[in-house]
Amino acid sequence: MHNAALCMIGYDPLLEGYPVRRREFITLVGGTAATLPLAARAQQRTLPLIGLLSAGTRESAAQVAAPAFHKGLSEAGFAEGRNVAIEYRYAEGHYDRLPDMAMELARRHVVAIVASPTSAALAAKAATKELPIIFAVADDPVKLGLVASLARPGGNVTGVSLLLSDLVAKQLGLLHELIPSATQFGLLINPTNENAEDVTRQVNDAAAVMGAKVTIAQARDSREIEGAFKTLVGAKIAALVVGTDPFFYTRRVQLAILAAHHSLPTIFNVREYAEAGGLLSYGTNLAEAFRLIGVYTGRILNGEKPADLPVIQSTKFDFLINLATARVLGLEVPPTLLARADEVIE
């Protein structure tokens with residue numbers, strides 16, 4: 001019989017010895033093809049799912065925090081897409097979105113929530129008392145009520161304390177060493193950040209010790225940042241401290257440009273600001289902190305409990321001086337400051 005005729009009754013010469021009725025053959029092949037995606041999806045669903053909650057943007061996280069987190073996760077034996085899945089939520093500086101995002105992640109039945117900064121950690125804790133939460137916060141987690149103590153967190157929460165908010169007095173001191181004659185300083189804060197009041201108090205206390213005064217300016221968005229600089233320049237400040245804030249971190253190029261434009265010596269809290277053109281930065285090494293967050297997340301995925309993992313306090317701090325910016329500002333950086341810098345950007 002001709003091959004075409006044979007095929008009409010369900011016989012295929014390529015399947016010699018395996019006569020199958022055409023309808024059964026089509027059903028078999030179609031059924032197998034249909035089940036393959038379902039099987040792949042089922043396999044994907046078996047991966048443990050982590051929720052990542054951030055007050056910042058995906059773009060800013062991709063530069064330092066995300067690669068460092070994945071590095072730490074890999075040290076604990078996990079890789080996204082291979083043996084763990086991650087659900088991302090970025091508030092993009094809108095802190096009021098975080099509570100709903102945290103509740104949404106909790107409803108997704110994630111096995112843990114990684115939250116940064118303070119506002120995200122507090123939102124995650126309010127959303128669940130059962131799911132493990134691993135935080136990176138700029139402030140004291142005990143004072144915030146996130147944990148019972150650093151050594152014994154208790155409950156479902158642990159993580160890394162970046163200590164960034166506690167460094168503003170040190171940052172003001174470095175500015176004063178740069179400009180010893182200064183008696184008027186400025187402080188830029190985001191009033192929606194939980195640390196705004198504490199940072200303001202610390203800077204005012206430090207300024208009082210050196211006999212200086214502080215002008216406070218506030219900004220919630222890019223437009224308000226420009227307005228804040230006009231206020232600070234109008235107050236005739238000699239130098240500026242920029243407070244710790246995820247939104248400010250996403251606008252570090254804008255901040256560096258405005259500081260240079262207004263000839264305003266400025267100190268920031270992490271190295272990425274100085275790398276973006278800021279004059280000085282002193283603070284926690286974010287890459288190391290988020291690597292540790294990844295390690296802790298992996299340990300929890302491996303069965304350890306947050307209550308048994310002490311809160312890690314950052315111990316790696318960076319002091320950067322951008323000499324190119326100093327030259328633009330017409331500043332001579334004292335040799336004593338240069339000698340203490342971890343890195344000098346030429």
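Phe 248 is buried, with a relative accessible area of 0%; buried means under 20% relative accessible area, exposed over 50% and partly exposed in between, with a 1.4 Å probe and protein chains only. Phe 247 is buried too, at 11%. This is a predicted model, in which local features need pLDDT of at least 70 and side-chain atom pairs count only at pLDDT 80 or more, while totals for chains, interfaces and linings use all residues. Residues are numbered from 1 along each chain as its sequence is written, and side-chain values use heavy atoms, with hydrogens and water left out.

A search of the whole structure finds six aromatic pairs. The ring centres of Phe 247 and Phe 248 are 6.1 Å apart and the planes meet at 50°, so this pair is tilted. Rings of Phe, Tyr and Trp (its six-membered ring) pair if their centres lie within 6.5 Å; planes under 30 degrees apart count as stacked, over 60 as edge-to-face and the rest as tilted.

Tyr 249 and Tyr 273 form an edge-to-face pair, 6.1 Å centre to centre with 85° between the planes. This pair links distant parts of the chain, 24 residues apart: Tyr 249 lies in helix α10 (residues 246-250) and Tyr 273 in helix α12 (residues 271-275). Helices are DSSP runs of H or I, at least four residues, numbered from the N terminus. Both Tyr 249 and Tyr 273 are buried. Ring pairs join Tyr 249, Phe 268 and Tyr 273 in a cluster.

The charged end of Arg 252 sits over the ring of Tyr 249, 4.1 Å from its centre. For this, NZ of Lys or CZ of Arg must be within 6 Å of the ring centre and within 35 degrees of the ring normal.

Note on methods
Helices (H or I, at least four residues) and strands (E, at least two) are DSSP runs, numbered from the N terminus.
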